[in-house]
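I'm opening my notebook on this one. Here is what I looked up, entry by entry.

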Amino acid sequence: MRCFLGIIPIFIYSQKELIISAFQKVFPELVGAYEKVRFKGDLPESSHLYGDEAPEVFEVLENGVRYSVFLNDGLMTGIFLDQHEVRGSLVDGLALGKTVLNMFSYTAAFSVAAAMGGALATTSVDLAKRSRDLSKAHFDANGFDVNNHQFVVMDVFEYFKYAKRHDLTFDVIVIDPPSFARNKKQTFSVLKDYHKLIAQALDILSPKGTIIASTNASNMTAQQFKKQIQKGLGKTKHHFIDLKQLPSDFTVNKNDESSNYLKVFTIRVNQ
């Protein structure tokens, strides 16, 4: 199996050569590596570090689902590996026979996992125009007919209003926004505004529907995130089914709670 690695240097960038050398010694099976530069400067966002260069686009297999990915096209790669357990739950039955709405969908990885898990239909919403083609690539990789799978380029808050006006409802709604975002009309911060997403989701959620609420914001604890969700739910009856954080193949510093940045609550809502 040919493996490639993406390294994300931050404040330790000055130790870049030492880190590369260590990775080569500890993981000799890696045939090549790329770096992603997330701080401001003159360096390119993505570049090849050593070894073989990966194909421009290639497929990976996870939970029986094929994903179309790319290692050297800006900061993104087409899939967030820390969410593989969440996608696994969609494959393993959470989406079976359901209609699924995927907000801030990026490349619709949650959507194609839901389709593999027997979802009747999926709708993927993202503001980036590029998301449509990247999302279709995932569905094409798995041989899915996209007639029951829609890709909508629209601001998420606008889509909530659109869906409510057109009496659209969904059995499962996935909400996985960036920690901070800005468009022409407003700014969004998970720490302050996530509850608004939950409140608007309730308007288009089917009776006894499910919300998958996710964030990778390291500046809030799981309990703080839960409070944001509860604020959005208000007096609506609900039950927190599950909390997933970083899977076991991701390292967490036990002395630094912020290192376990991923928080994904699955909530059953009894409207």
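Predicted model: local features only at pLDDT ≥ 70, side-chain atom pairs only at ≥ 80, totals over all residues.

**Entry 1: helix H3**

Which residues of H3 are buried? I found Ala109, Phe110, Ser111, Val112, Ala113, Ala114 and Ala115. For me, buried means under 20% relative accessible area, exposed means over 50%, and partly exposed is in between, with a 1.4 Å probe and protein chains only. Seven of the eight residues of H3 are buried, so this helix is largely enclosed by the rest of the structure. After H3 comes Gly118, with a positive phi near 95°.

Residues are numbered from 1 along each chain as its sequence is written, and side-chain values use heavy atoms, with hydrogens and water left out.

My element names come from DSSP runs, numbered from the N terminus: helices are H or I with at least four residues, and strands are E with at least two.

**Entry 2: the open sheet**

I wrote down the strand order of an open sheet with seven strands: S8-S7-S6-S9-S12-S14-S13. Its pairing is mixed; two strands pair if DSSP finds at least two bridges between them. At the edges I found S8 (149-153) and S13 (237-244), each pairing on one side only. On average, neighbouring strands here are turned by 15° against each other, direction ignored.

I then looked at the S8 end. S7 (residues 121-126) pairs with S8 in the parallel sense, over five bridges. One pair I picked out is Asp126 with its bridge partner Val153 in S8.

**Entry 3: helix H4**

Helix H4 (residues 130-141) lies across S7 and S8 and runs at about 160° to S8. Angles run from 0 to 180 degrees between N-to-C directions, and axes are lines fitted to C-alpha atoms, for helices over the stretch in contact.

At 1.5 Å a residue, the 12 residues of H4 should span 16 Å, and the end C-alpha atoms are 17 Å apart, which agrees. (The expected span is 1.5 Å times one less than the number of residues.)

Which residues of H4 are buried? They are Ser131, Leu134, Ser135, His138, Phe139 and Ala141. Seen down the helix axis, the buried residues of H4 fall within an arc of 165°, so they line one face; the arc is that of the directions from the axis to the C-beta atoms. They pack against S4, S5, H3 (109-116), S7 and S8. On the face turned away from the buried side I found the exposed residues Asp133 and Asp140. Just after H4, Gly143 takes a positive phi of about 70°.

**Entry 4: the S4-S5 hairpin**

S4 (residues 58-62) and S5 pair in the antiparallel sense over five bridges. Glu62 has Val65 in S5 as its bridge partner. The two strands form a hairpin with two residues between them. Four of the five residues of S5 (residues 65-69) are buried, so S5 is largely enclosed by the rest of the structure.

In the loop between S4 and S5 sits Asn63. Its phi is positive, about 55°, although Asn63 is not a glycine. I noted that because most residues other than glycine have a negative phi. Asn63 is partly exposed, with a relative accessible area of 39%.

Tyr106 also went into my notes: it is not a glycine, yet has a positive phi of about 55°. I found Tyr106 in the loop between S6 (99-103) and H3. Is Tyr106 buried or exposed? It is buried, at a relative accessible area of 18%.

**Entry 5: H6 and H7**

How do H6 (residues 190-202) and H7 (residues 222-233) meet? Their axes come within 7 Å and cross at roughly 40°.

I followed up Gln228, which is buried with a relative accessible area of 9%. Leaving aside neighbours within four places in sequence, Gln228 is in contact (heavy atoms within 4.5 Å) with residues including Val190, Leu191 and Met220.
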